[in-house]
Each structure stands twice: as C-alpha cells, then as structure tokens.
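Please keep the sequence and the structure at hand while reading.

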Amino acid sequence: MTGVVIGIYVTAAWLSRSNPTVLAELGQEDGGVEWASAWAFLLAAFVYCGRALRLTEGRILAALLALGALLIALEELSWGQRLVGYRPPELFLESNFQQELNVHNLVAKAWRMRAFLAVVLGYGVGLRLLTVLAPAQARRFGVLAPPWALAPAFLVTALIFNARPWHLSGEWAELGLGIGMLAGALLIEPSWPRLPPRFLAFTAPAAVVLCGLLGFGTAWLTARRASSPALVAQAQLECYALSDDLRRVPFRSPRHHRRAYHAVADRGPQLELTSFRSLIGPALPEERAQYLLDPWNSPYWVLVECPEGGGPCRQVVYSMGPNRRREGRPGDFQGDDIGVDLEL
C-alpha cells in the first residue's frame, strides 16, 4: 500500500510538469481527488466502526478513530454545502476564507498545517512507536496501530504536505492520508475473523480502487448538475452589475484572483457596490448580496490580469455555475461557468 500512495504522488508530480491543467482540474474543489479523499475517510470510518463493535480491547480507540475519520470526511465536503447548495451561517461566510461550512478554515493556516501533520505522523508513526516503546501500556489501552509497512507512506505524505512541491499538492496529501487511514483500518491487528489470509491481502488494494471509482464517479455526476434558466440569467445579471462596480476602483496588484467578497473587503470603503446592491430583492436576498454569493450560495470570483509592459488590464467576474465547480481556467467560461470578461 505504501507503493500505491507513493505512486499517486509520482503521478501528480508528473502531471505538474506534463499537464498542469489536468492536475488543477483533478485537485480542485469537488474534483476527483477531493471526492476520492472523502470516500477514503468515509470507508475508514465505516471499517473502524465495525472494529469498535467487534473488539473488546481497543474498542474506545477504534470508536475515536471512526469518529475522527468521519469528521475529516465531512470537513472535506464542507458538510455537504457544495453538494446541496445551502447557505452556511454568517460566521462562516464572514470568517472562513472559503466562505464554506468547515471549521478547519476558521483557523490560521499555520495551525491547520500543524494539525494535519500531527494527525499524519501521530496516526501513521506515533501509534506504532507506542507499541514498541511502551508495549505494556499499549496493550493495556488496546492501542490499534497501523503496520510498519505503511509508515513510509505517512512520512512521504507529511513531506509532500509540508513542502507543497506542486499546485494543490495539499489536496493530494489529503488523499494520501485518507488512503493510509483506510489501509491501516483494514490491515491493523487483530485481523478480521473468518476471512482467509489470501483474501485479506487484496482488501486494501481493492478498497483503494473502490475509492477511486467512487471519487471520480461522484465528481463526474456532480459536474453535471443542472439548474433553472431563471437562476442562470440572474447570475449573469449579477456578474454584470458586480463587474461594473469593480471596474471603477483599480486593483493594486497586476494579477488578482480571489473570491469577490475578500477582494472587495481589501479595497476598503471607497468601493461602493451600487450596481450590485441595486438588484437586492426577491431574487437577490440581502444576506446573499452582503457576502457576494451566487444563486447557488457559492462565492463570486474576481480575476484581474495586467500585462507587464503596460496596456489594458483584463477583469473577469464569474460564478462557477449550478454545479459549483470551475471548468477550465478562470475566464474560459467552459461548462456551466457564468461571467463577464472586460478590458479595463
């Protein structure tokens, strides 16, 4: 299984050089990598729940691991927000940089990275070290430790997450952690009763294949969500109005690509969204207007590009559309993406 995890990272590194567009598409929000990660954590939670129900020693730890894997999966999916399209509470719209319902993005980046590394190394290496350094205490508390053979996979995952050697490498590291937890849940001692060893040898690889099929299948299905023409027309109208407001105050940097709410906040009180806020009504409620959300409760985005040698700048204001997923590069308006592309 270590070879499988490292193989995934080798594939990502190869794509970063040979086809960065495909790498970005796979690793984006609601892409195949994120969905495969979520399925890996969900399956790990299911397996650990089964162990908690079956074991006498280690039941508490198995239950905690099941709960932890489930919470990670739900955080990864923003508790179904992008899947269903509901509007999260105001705290998350204002303080979460993704404007999504997940707790980990309320925390500073440095602490998020420390927490991820603590989970990777604590689960993948620390539990096994505990069985070596304090075997009596480990047996007493029923410590369930992944096999040593998985330790290199967790160490490489920690390295990838910390070094960030390619675009969106954090998403690939999350996939590595999910697969590692699932493999650990399946291969951890004691083994499953009434299952022959030959069958057990194939359970972890089969589970990884299942995660891939479920992950990329879910990404494919969710990318094909449709919406009413009225909502699409409303989003287009709001993009025009927001673009009209933003072009009146120039951006400070030559390249700017951010969620519209944060881009507007950075430009201070001199920017009044008069055109956008004039649309407030039944189709654009106040809370959606306040946090610059599209009709599917996802953030509007702003892209500004200025040539290095001078000349007109390009401003793109867009929504990811009904499927809440960006297709292609920003401003290409592929798939169901909606927006306005202006020359400033």
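This is a predicted model: local features need pLDDT of at least 70, side-chain atom pairs count only at pLDDT 80 or more; totals for chains, interfaces and linings use all residues.

**Helix 9 with helix 10**

- Helix 9, which covers residues 151–163, packs with helix 10, residues 169–187, at an angle of about 160 degrees, and their axes are 9 Å apart.
- Because angles over 145 degrees count as roughly antiparallel, helix 9 is described as roughly antiparallel to helix 10.
- The crossing that helix 9 and helix 10 form is left-handed.

**Helix 1 with helix 9**

- Helix 9 also packs with helix 1, residues 2–18, and here the angle is about 20 degrees, with the axes 8 Å apart.
- An angle under 35 degrees counts as roughly parallel, and therefore helix 1 is roughly parallel to helix 9.
- The crossing of helix 1 and helix 9 is left-handed.
- From helix 1 the contact draws on T2, V5, I6 and Y9, while helix 9 contributes P152, A153, V156, T157 and I160.
- Sorted by class, the residues in the contact of helix 1 with helix 9 are seven nonpolar and two polar, with no charged residue.

- Four strands make up an open sheet in the order 1-2-3-4, and their pairing is antiparallel.
- At the edges lie strand 1, residues 255–259, and strand 4, residues 338–343, each of which pairs on one side only.
- From one strand to the next, the twist of the sheet averages 10 degrees.
- Strand 3, residues 314–319, pairs with strand 4 in the antiparallel sense over six bridges, and V317 has V340 in strand 4 as its bridge partner.
- Helix 12, residues 229–246, packs on this sheet, where it touches strand 2 (301–305), strand 3 and strand 4, and the direction of helix 12 makes about 30 degrees with that of strand 4.

How values were computed. Residues are numbered from 1 along each chain as its sequence is written. Side-chain values use heavy atoms; hydrogens and water are left out. Axes are lines fitted to C-alpha atoms, for helices over the stretch in contact, and angles run from 0 to 180 degrees between N-to-C directions. Helices (H or I, at least four residues) and strands (E, at least two) are DSSP runs, numbered from the N terminus. Angles under 35 degrees count as roughly parallel, over 145 as roughly antiparallel, 65 to 115 as roughly perpendicular and the rest as oblique. A crossing is left-handed if the near helix is turned anticlockwise from the far one by less than a right angle, and right-handed if clockwise. Two strands pair if DSSP finds at least two bridges between them. Contact means heavy atoms within 4.5 Å. Ala, Val, Leu, Ile, Met, Phe, Trp, Tyr, Cys and Pro count as nonpolar, Asp, Glu, Lys and Arg as charged, and the others, Gly among them, as polar.
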